[in-house]
Amino acid sequence: MVIIGKAVAVFTHSSIFHRNGFGDLFSSFNFRFQYLYSSTAAPAPTHFLVKYLVDSLGFSNEEAASTSSRVTSRKNLKNPDLVINFLKQTGFDNTQMKTMVSRVPKLLFRDVSKTLKPKFQCLMDLGLSGSDLVDVIAKDSQIVDRGLDTHLRPTIDLLRRILGSNENVVKALRRFPWLLSFRAHHIIESNMLLLKNYGVPDERIKKLMLRNPSYFAQNPERIKSLLHRMENDFRVPRDSSSFLYGCQVLNSLNKSKLEKKFGIFRSFGWSDDDILKMFRKLPFCVGLSEVRIHKALNLFMKELGIGTAYLVSHPAILVFSMEKRVVPRMQVLEILDEKKVERRKLDLYYALSLNETRFIDYFVQPYKDQMPDLYEQLKKIVAP
């Protein structure tokens, strides 16, 4: 093979190395040129693209050079203004367009009529329009780089089967645009079927997809492991409302972190059975940070003298905000008791579970007329 510039001369006869003389060589063999591009060759439109990014989209020279270096397309950059004008007409502002092109520079090479418009129309047919359409694509520009029939439509069909309606699909995409660009949508389907085969109701699967779709984007073998641990190690029944919540908590923690959190509970006298009972009631207690768990246990058990059995039975107490709910309400109740005024005698869990309006009605409002100073003090504590 003889290389001449970018041209490659290819000799196709098997006996090339056994012939002598150029006369025989050219007369006996078919001599032809094939024009091939080296993988290290710079993209043809590099200079023009850099200039365009700087002049039209406000890129710095460094940003433009970096972005253009990632273009491997050999298509000519005929008229990028057609793409930019289409995006502007759709509702994208300059900042969004710059971000999109920076992430997916091939966008400028796309044919508006054949490629971009059909994809945008597909999303509009789903129910995404106006600012919603712009926001979803601006947050994940890879969407426009996915095939219409090979990816976008099959993915939308899958999401519709899981979520039940176009409205729910739109709701999910507003929060998690990456669902449309995620390449391995077959993994989502495999995990959905896995949960169904485990007996998880469709409604709970739908809620999980709307709340935490990244759960479905994991290796199915990991999901199998989480389901097995929930049922066998933590003894949470499949039909329990806590089953999927528990899987999400375990998914967010490695075994080392989980053991550290269990260790905090043990340091306050909890047995492993106590911890598991609490987990089965409200798995999110274990999902709290180590600092927050320690702070809650210290307040309730050491300062207030509440026993383990009560907290195991009412684990939501541990989840309430210490600063915004627990401490202010405990201060109000303490002040009322110090003043020796009559007040409702409510169970601690019930007092902490009341919404703010109801709590004020029970423990603040009654003192507005008879003890205005106390009322003002309590009001500042509960509703600063």
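Visitor: How many helices and strands does the protein chain have?
Guide: In this predicted model, the protein chain contains 24 helices and 3 strands.

Visitor: What percentage of the residues is buried?
Guide: Of the 384 residues in the protein chain, 44% are buried.

Visitor: What share of the contacts joins residues 24 or more positions apart?
Guide: Such pairs account for 68%, counted among the contacts in the protein chain with a separation of 6 or more.

Visitor: Let us turn to helix H6. What span should helix H6 have, and how far apart are its end C-alpha atoms?
Guide: Helix H6 covers residues 112-126, which is 15 residues. At 1.5 Å a residue it should span 21 Å, and its end C-alpha atoms are 20 Å apart, so the two values agree.

Visitor: What caps the N-terminal end of H6?
Guide: Asp 111 does: one of its side-chain oxygens lies 3.0 Å from the backbone nitrogen of Ser 113.

Visitor: And which residue follows H6?
Guide: Gly 127 follows H6, and its phi is positive, near 130 degrees.

Visitor: Which residues of H6 are buried?
Guide: They are Val 112, Leu 116, Lys 119, Phe 120, Cys 122, Leu 123 and Leu 126.

Visitor: What covers them?
Guide: The cover for the buried residues of H6 includes helix H4 (80-90), H7, H8, helix H9 (166-175) and helix H10 (178-181).

Visitor: H8 is on that list. Where is Leu 148 placed, and is it buried or exposed?
Guide: Leu 148 is in helix H8. Its relative accessible area is 15%, and because buried means under 20%, Leu 148 counts as buried.

Visitor: Which residues does Leu 148 touch?
Guide: Not counting residues up to four places away in sequence, Leu 148 touches Pro 118, Lys 119, Cys 122, Arg 153 and Pro 154. Among them, Lys 119 and Cys 122 are buried residues of H6.

Visitor: How far is Leu 148 from Phe 120?
Guide: Their C-alpha atoms are separated by 9.7 Å, while the two residues are 28 residues apart along the chain.

Visitor: What about Ser 141, where is its place?
Guide: Ser 141 is in the loop between helix H7 (130-139) and helix H8 (148-163).

Visitor: Buried or exposed?
Guide: Ser 141 counts as buried, because its relative accessibility is 1%. Leaving aside neighbours within four places in sequence, Ser 141 is in contact with Met 100, Arg 103 and Val 104.

Visitor: Changing topic, how many cavities of 30 Å³ or more are counted?
Guide: The count comes to 1 cavity of 30 Å³ or more. The largest cavity has a volume of about 30 Å³.

Visitor: What lines the largest cavity?
Guide: Its lining consists of Phe 265, Cys 285, Leu 288, Arg 292, Ile 293, Ala 296 and Leu 318. Helix H18 (residues 290-303) gives the largest share of the lining, 3 residues.

Visitor: And how much space lies in the second largest pocket?
Guide: About 200 Å³ of space lies in the second largest pocket. The elements giving two or more residues to its lining are helix H14 (243-251) and helix H17 (284-287). H14 gives the most, with 3 residues.

Visitor: Which residues line this second largest pocket?
Guide: The lining includes Asn 212, Ser 241, Tyr 245, Gln 248, Lys 281, Pro 283 and Gly 287.

Notes:
Residues are numbered from 1 along each chain as its sequence is written. This is a predicted model: local features need pLDDT of at least 70, side-chain atom pairs count only at pLDDT 80 or more; totals for chains, interfaces and linings use all residues. Side-chain values use heavy atoms; hydrogens and water are left out. Helices (H or I, at least four residues) and strands (E, at least two) are DSSP runs, numbered from the N terminus. Buried means under 20% relative accessible area, exposed over 50%, partly exposed in between (1.4 Å probe, protein chains only). Contact means heavy atoms within 4.5 Å. The expected span of a helix is 1.5 Å times one less than its number of residues. A polar contact is a pair of N or O atoms within 3.5 Å; within protein, one must be able to donate a hydrogen and the other to accept it, and residues adjacent in sequence count only if both atoms are side-chain atoms. On a 1 Å grid over the protein atoms alone, a cavity is a set of points where a 1.4 Å probe fits but cannot get out, and a pocket is an open set with protein on both sides within 12 Å along at least five of seven lines; lining residues have an atom within 4 Å of a point. Grid points are joined across faces, edges and corners, and a volume is the space filled by probe spheres set on the points.
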